Amino acid sequence: MSTIAVDKSIDCKGLSCPMPIVRTKKAMEEILPGQVLEVEATDPGSVSDVKSWAERTGHQFIGTEQHEEVFKHYIRKSDPSEVKPERNHPHVVTNEELQQKLGENPVIIDVREPAEYAFGHIPGARSIPFGRLEETIEELRALGETEIHVICRTGTRSDVACQILTEKGFQNVKNVMPGMSQWSGPINKK
């Protein structure tokens, strides 16, 4: 049972990326600095998405509690002087551009949750859920300067994944837009 004093709560149950983050951003605009927002979500990807978003925008991520299939995320709104502007990864390829490269066996990292990957992924794509990305960085070092394509459902989670990889020294990382939600190329199911 949580003892966190909550000033506002939003219900994102049943929503998948990027909607929990979209609603979180809007709700954060409606509370005052120092107040706490509770975000209830059922998307397992929200665990890493909400934490990453809060940290990247300068808000204090307090933590996540899980109650059966519902995740409750807590974020304290920072003072405006501490808030960081959101930024996007500057290097993007379209679904069509990636599809044209499939014959060259490109490196593709799929950062969706395992269940999403299992129901359909690009042939040859490697599943590394966003929440596990940082713990696999050393394994990825073997790719060196190879071009890495990062994909998720809508390009939001993969954008942040690209930023993390770039910060860790990977120089040739591309975000695939708009991502699997509009992928019309070949699909493998696991």
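Me: What makes two strands a pair, and what is a strand here?
Reply: Two strands pair if DSSP finds at least two bridges between them. Strands (E, at least two residues) and helices (H or I, at least four) are DSSP runs, numbered from the N terminus. This is a predicted model, in which local features need pLDDT of at least 70, side-chain atom pairs count only at pLDDT 80 or more, and totals for chains, interfaces and linings use all residues. Residues are numbered from 1 along each chain as its sequence is written, and side-chain values use heavy atoms, with hydrogens and water left out.

Me: Which order do the five strands of the open sheet have?
Reply: The order is β5-β9-β8-β6-β7, with parallel pairing.

Me: Why are β5 and β7 called edge strands?
Reply: Because β5 (92–94) and β7 (126–127) each pair on one side only.

Me: Why do β6 and β7 count as paired?
Reply: Two bridges join β6 (residues 107–110) to β7, and pairing asks for at least two, so the strands pair. Asp110 stands opposite Ser127 in β7.

Me: What does helix α6 touch on the sheet?
Reply: Helix α6 (residues 156–167) touches β8 (148–151) and β9 (173–177). Contact means heavy atoms within 4.5 Å.

Me: What makes a set of residues a nonpolar core?
Reply: Its members are buried (under 20% relative accessible area, 1.4 Å probe, protein chains only). They are Ala, Val, Leu, Ile, Met, Phe, Trp, Tyr or Cys, joined through side-chain atoms within 4.5 Å. The largest such core has 17 residues, and Leu140 and Phe170 are among those with the most contacts inside it. Its largest share, five residues, comes from α6.

Notes
Axes are lines fitted to C-alpha atoms, for helices over the stretch in contact, and angles run from 0 to 180 degrees between N-to-C directions. Buried means under 20% relative accessible area, exposed over 50%, partly exposed in between (1.4 Å probe, protein chains only).
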